[in-house]
Amino acid sequence: MGEQVSADSYTPRQRTVYRQKLEEELEAFDRHLQEAEFTDQGTIGLELELNLVDDQMQPHPNNQAVLAGLSDEYQSEIGQFNVELNHPPLPIAGDGLAELEQGLKQRFSEVVTAANAAGSQVVMVGTLPTLSTQFLEGPNWMTPENRYAGLENSVMESRGELVNVDLWREEHYTHDFDGIAPESACTSVQLHLQVKPSMFASAWNASQAIAGAQVALSANSPLFLGHRLWHESRIPVFKQSVDTRTKELINQGVRPRVWFGESWITSVFDLFEENVSYFSPLLPEGRAEAGKPEMLGDSPGLHYLNLQNGTIWRWNRPIYDPNGPLSHIRIENRILPAGPTIKDTVADAAFYYGCVHILAQQTRPVWSRLSFDNARENFRQGARHGLTANLHWPTLGTIPVTELVENHLLPIADEGLRSLHVGTACREEYLGIIEGRVRTRQNGAMWQLNALNKLAPATTPESPERKAALKELMRHYLKHQESGAPVHTWSLDIL
């Protein structure tokens, strides 16, 4: 979806031609995987989506004015109250994680400066607590670009019905939307891990295996449209927002476009083949219309295959990138919500990269002993219950996620970072933040829920008292965010 597109609707002929080209490019990708040399540098990088608020802590649909004050490195998102910053790839060895933190701080500061000049403030959070149903049903939520209008038109045309968002935990929220506006509530961190094609399957399987622990550790979206819901409500909201399936298609087992997957894989080709076999095109934009070359040096551009891949939102997405002297393959880990701070973000990255490095190389890998159904249920439980979740793990049975992380996954992450030649100071600082979260039982979701309970302990979602409390919660969240201190150290005493 990072591609610019030339139209917001398409003809049957365009769709037919697109499908033919898609199938041709799948074969070209297969040949390229077998014959070509790929970059093998193991670099890391990330994308961070941010929310804009006004001085009343309400979503501020102001991204065009903010982006006007920034370079092309910064981009829009579907929500007009969102912007995205990108950190270029860098090696993880030595002080790479500290360099990532400094690079993120610099870029975030640039966004804050541009936002303040445009009358906005910037919040790193998975779902903005002050977002409302009324705002999402209004005229200003979407960024006015063809790619977003085209996506909404295609989803709604495929679905043929209103979009129903329905979830519950402490409270229950259900509402029918006439478009995909709830997707804009879902702001994330996307971690990039470049791998050689022969190692992709192992790294992807390892990423899937730890997804439940990842989302439980880092949950930061417990308040959706004024309601106390899943600790990481962004997961089900995103899935429901762009679901092209009616109930009948769900009952038939048709795959959702926001997808955990259905099995472990043996090659990156498996995932691209699924993209072509199971999913109809949403944005059938021709290569010439998009202004994309057929070849980039000696690498096929694969415009059709990549655009199709961009409209299937796996939580661990495969990426083929033809840019550079050699093309490369990477995993885009999309599980984490934004925030709460830069340090928390880099700590999450350290945990992910360290775990995947070791788990992908084990002679008896975890996915040979963990069923895919258990991995998928772990992901659901981690998103729903956060740090209070119980997860299944081979040889351990079903145990609290805090025990799984502290006693088993943190040592694996440390071993992985050592193997990647990450400096001692970086390992201790960033994994220490993960250990702090586990021991205090406080991540972003827990802090928000506890803060709301303190500010407004007996309120209903639509009450004026709840709305006032959410605004006050956001003011304190911003103060903590600006301090830079990791979330497990955040106090409730100032409330």
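How many salt bridges does the count come to? I get 24 salt bridges. I keep in mind that this is a predicted model.

**Entry 1: salt bridges**

I started with Glu-171 and Arg-466. They form a salt bridge, and their closest N and O atoms are 2.8 Å apart. Glu-171 sits in the loop between S5 and S6, while Arg-466 belongs to helix H18 (residues 464–483), so this pair ties together parts that are 295 residues apart in sequence. Are the two partners buried or exposed? Glu-171 counts as buried at 14% relative accessibility. Arg-466 is buried too, with a relative accessible area of 0%.

Next I looked up Lys-343. Its salt bridge goes to Glu-429, with 2.5 Å between the closest N and O atoms. Lys-343 lies in helix H13 and Glu-429 in helix H16, so the pair ties together parts that are 86 residues apart in sequence. I noted Glu-429 as partly exposed, at 34% relative accessibility.

Then I turned to Arg-418, which forms a salt bridge with Asp-414. The closest N and O atoms of this pair are 3.0 Å apart. Both residues are in helix H15 (residues 401–419). Because they are 4 residues apart there, about one helical turn separates them. Asp-414 counts as partly exposed, at 22% relative accessibility.

I also found a network. Salt bridges with shared partners join Arg-169, Glu-170, Glu-171, Arg-228 and Arg-466.

**Entry 2: the S5–S6 hairpin**

Strand S5 (residues 163–168) pairs with strand S6 (residues 172–177) in the antiparallel sense, over 6 bridges. The two form a hairpin with 3 residues between them.

**Entry 3: strand S1**

How many of the residues of S1 are buried? I find 10 of its 10 residues buried, and S1 is mostly covered. I then looked at its faces. In a regular strand, side chains alternate between the two faces of the sheet. On one side of S1 are Ile-44, Leu-46, Leu-48, Leu-50 and Leu-52, and they are all buried. On the other are Gly-45, Glu-47, Glu-49, Asn-51 and Val-53, also all buried. Both faces are covered, and I noted that Glu-47 and Glu-49 are among the buried residues.

Which strands pair with S1? I list three here.

- Strand S7 (residues 188–195) runs antiparallel to S1 and is joined to it by 5 bridges. Leu-193 is the bridge partner of Ile-44 in S7.
- Strand S3 (residues 82–90) pairs with S1 in the antiparallel sense over 7 bridges. In S3, Ile-44 has Leu-90 as its bridge partner.
- Strand S4 (residues 121–123) pairs with S1 in the antiparallel sense over 3 bridges. Here I looked at Val-53, whose bridge partner in S4 is Gln-121.

While in S7, I checked His-192. His-192 is buried, with a relative accessible area of 12%. I took its distance to Ser-241, 49 residues apart along the chain, and the C-alpha atoms are separated by 24 Å.

**Entry 4: backbone in the loops**

Met-57 has one, about 70°. Met-57 lies in the loop between strand S1 (44–53) and helix H2 (63–67). Met-57 is buried, at 2% relative accessible area. Arg-441 also has a positive phi, near 55°. I placed Arg-441 in the loop between helix H16 (424–440) and helix H17 (444–455). Arg-441 counts as partly exposed, at 42% relative accessibility.

Which peptide bond is cis? I noted the one from Gly-339 to Pro-340, with omega near 5°. Pro-340 is in the loop between strand S15 (328–337) and helix H13 (342–359).

I also stopped at Gly-324, in the loop between strand S14 (316–321) and S15. Gly-324 counts as partly exposed, at 47% relative accessibility. C-alpha to C-alpha, Gly-324 and Glu-435 are 38 Å apart in space and 111 residues apart in sequence.

**Entry 5: a charged patch**

Which residues form the negative surface patch? I found Glu-23, Glu-24, Glu-27 and Glu-273. Helix H1 (residues 12–35) gives the most to the patch, with 3 residues. Glu-23 is found in helix H1. At 44% relative accessibility, Glu-23 counts as partly exposed.

How values were computed
Residues numbered from 1 in each chain as written. Predicted model: local features only at pLDDT ≥ 70, side-chain atom pairs only at ≥ 80, totals over all residues. Heavy atoms only, no water. Patch = residues over 30% accessible without salt bridge, like charges linked within 9 Å, V, L, I, M, F, W, Y side chains within 5 Å. Areas by Shrake-Rupley, 256 points an atom, 1.4 Å probe, with all protein chains shown as cover. Salt bridge = Lys/Arg side-chain N within 4 Å of Asp/Glu carboxyl O. Lys, Arg positive; Asp, Glu negative; His and termini not counted. Charge placed at Lys NZ, Arg CZ, Asp CG, Glu CD. Buried < 20%, exposed > 50% of the residue type's maximum accessible area, 1.4 Å probe, protein only. Pairing = 2+ DSSP bridges.
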